[in-house]
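Below is a short briefing on one protein chain.

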Amino acid sequence: MTTTLEAADNIENNVRTSSRPSDLRITDLRVAEIVGAPFTSALIKIYTNRGIVGSGEVHDSASATYALMLKSRLIGENPCDIDRLFRRIKQFGGHGRQGGGVSAVEIALWDLAGKAYGVPIYQMLGGRFREKVRIYCDTDAEKPSGTETGKRLKQRMDLGFTFLKMDLGLMQIADVPGAVVAPAGSLEGYRIHPGRGPVKSMEDRRACNAVYDTHNVRHPFTGLHFTDKGLDLLEQYIAEVREVIGYDIPLAIDHVGHISLQNGIRPARRIEKYVPASARGRDPRQYADQYRQLQEATTVPICTGEDIYLKEGFEPLLKSGISVIHPDLLTSGGIYETKKIGDAAQEHGIAMAIHMAESPIAAMAAAHVAVATENFMALEYHTVDVPRWDDIVTGLPKPLVKDGFITVPDKPGTGIDDIVDEVISQHLQEGVKGVWQPTDEWDDEYSRDRTWS
């Protein structure tokens, strides 16, 4: 006859107990630095003593160092203590790409916790408001033609997308004589982005630094102005797009350009008749009052926020009266912080779209927030034309985006089983030797981190 104790032992022997959430400890953090997902990315893995691994991602175009520097502050800790660990490391994040390391770690911790407890992340956030996540398909303009851009957008509609986004602004008219008033030579700096990787000479480095400086001039100080001719061209551009795609589908506007408040108001008023779903604000986040003035001057819903770190960073904008916030999980602080940002926006009557231009890791982290946040509107998707994007990970449906939606699986963590080394090894950043290389040099990184005396 089997005793109660023996029965318990039999259960123990037949149940996978490798998670044991209370016994989990972080043992390692490693990175894989890749290109083409669709941009440069640093994927991370956090390893544990029980064999469970959590995946995260640093914001595109940011340095893996932002995540690696946090390793010594995480080793030995229980990854399920997400909030406590986040409060420990969040001082090392910042706005823009500087939020990438903290956000990547936070996402990996949620993935680990979900796997340890055997539940999807959205369930730990309070459950679902929707079963599927609507995708807005962000489509760059390859040619300065509204008709041609409209044809590309129509192709997206034929694939099942129900929400579109396109560029409309400075770069569509910068090469047209008389369309933009600009200080001599300044437009050249906006046509290229600061480079990365090794440089060949000191002169090359100075040239890279000059481009870097140009892109860091805040919008009110660039001296760029649209002329009436330029505004006519922008209006013609969106009119041609609408002629092709019609008015039965939302169309959001992106990348207006490095222009002042006044030059944001003028094109916004011109395109009101074409019913944009939103227009991405052109000012840096620091000028919340200018966002208030912009939104009050137009009926176009103003949208911004992809470069803002933490809920408190959004608070001035939430009081400015804009219509849509647009956090990116890889800057905002990760999964839980974005959920809190969305809930705070809802209290102000503001919708939330989510910015996302990264690998399926970031996409799934964002999708879990999207299904668990009531005022969510749409999630960015920038990889329709990126081959093998779905092949970066295993465990998810293929294609991940189907008929314009992501269906979030009822699987633990993000739902991703693993990252496919064979795929990402074919797309390493310049100078990177391999994936998941040892990072022992970061194990004992130390400073007295307390921010008060």
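**Charged pairs and helix packing**

D158 forms a salt bridge with K154, and their closest N and O atoms are 3.0 Å apart. This is a predicted model, and the structure holds 32 salt bridges.

**The D158–K154 pair**

- Both D158 and K154 belong to helix α6, where they sit 4 residues apart, about one turn of the helix.
- An α-helix has 3.6 residues a turn, so residues three or four places apart point the same way.
- D158 has a relative accessible area of 58% and is therefore exposed, the cut-off being over 50%.
- K154 counts as partly exposed because its relative accessibility is 31%.

**Helix α6**

- Helix α6 covers residues 146-158, and its 13 residues should span 18 Å at 1.5 Å a residue; the end C-alpha atoms are 18 Å apart, so the two values agree.
- The buried residues in α6 are G146, T149, G150, R152, L153 and R156.
- Viewed down the axis of α6, these buried residues fall within an arc of 160°, so they line one face of the helix.
- The cover over the buried residues of α6 includes the strands β4 (132-139), β5 (164-167) and β8 (251-254), together with helix α10 (228-245).
- At the N-terminal end, S145 caps α6, with a side-chain oxygen 3.4 Å from the backbone nitrogen of T147.
- Just after α6, G160 has a positive phi of about 105°.

- D60 and R97 meet through their side chains in a salt bridge, with an N to O distance of 3.0 Å.
- This pair links distant parts of the chain, as D60 and R97 are 37 residues apart.
- D60 is in the loop between β3 (53-58) and α2 (65-68), whereas R97 is in the loop between α3 (82-89) and α4 (100-117).
- D60 counts as buried because its relative accessibility is 5%.
- R97, at 29% relative accessibility, counts as partly exposed.

**A pair within helix α15**

- E337 forms a salt bridge with K340, the closest N and O atoms being separated by 3.3 Å.
- The two residues lie in helix α15 (residues 335-347); E337 and K340 are 3 residues apart, so about one helical turn separates them.
- E337 has 5% relative accessibility and so counts as buried.
- K340 has a relative accessible area of 28%, which means that K340 is partly exposed.

**A salt-bridge network**

- Side chains of opposite charge can pair when their charged atoms come close.
- A network of salt bridges links D28, R30, K71 and D443.

- I82 is part of helix α3.
- With a relative accessibility of 9%, I82 falls under the 20% cut-off and therefore counts as buried.
- Leaving aside residues up to four places away in sequence, I82 touches E106, L109, W110 and A113.
- I82 and L109 are 27 residues apart along the chain, and their C-alpha atoms are separated by 6.2 Å.

Conventions:
Residues numbered from 1 in each chain as written. Predicted model: local features only at pLDDT ≥ 70, side-chain atom pairs only at ≥ 80, totals over all residues. Heavy atoms only, no water. Expected span 1.5 Å × (residues − 1). Buried < 20%, exposed > 50% of the residue type's maximum accessible area, 1.4 Å probe, protein only. Arc of directions from axis to C-beta. Contact = heavy atoms within 4.5 Å. Polar contact = N/O pair within 3.5 Å; in protein donor to acceptor, adjacent residues only side chain to side chain. Salt bridge = Lys/Arg side-chain N within 4 Å of Asp/Glu carboxyl O.
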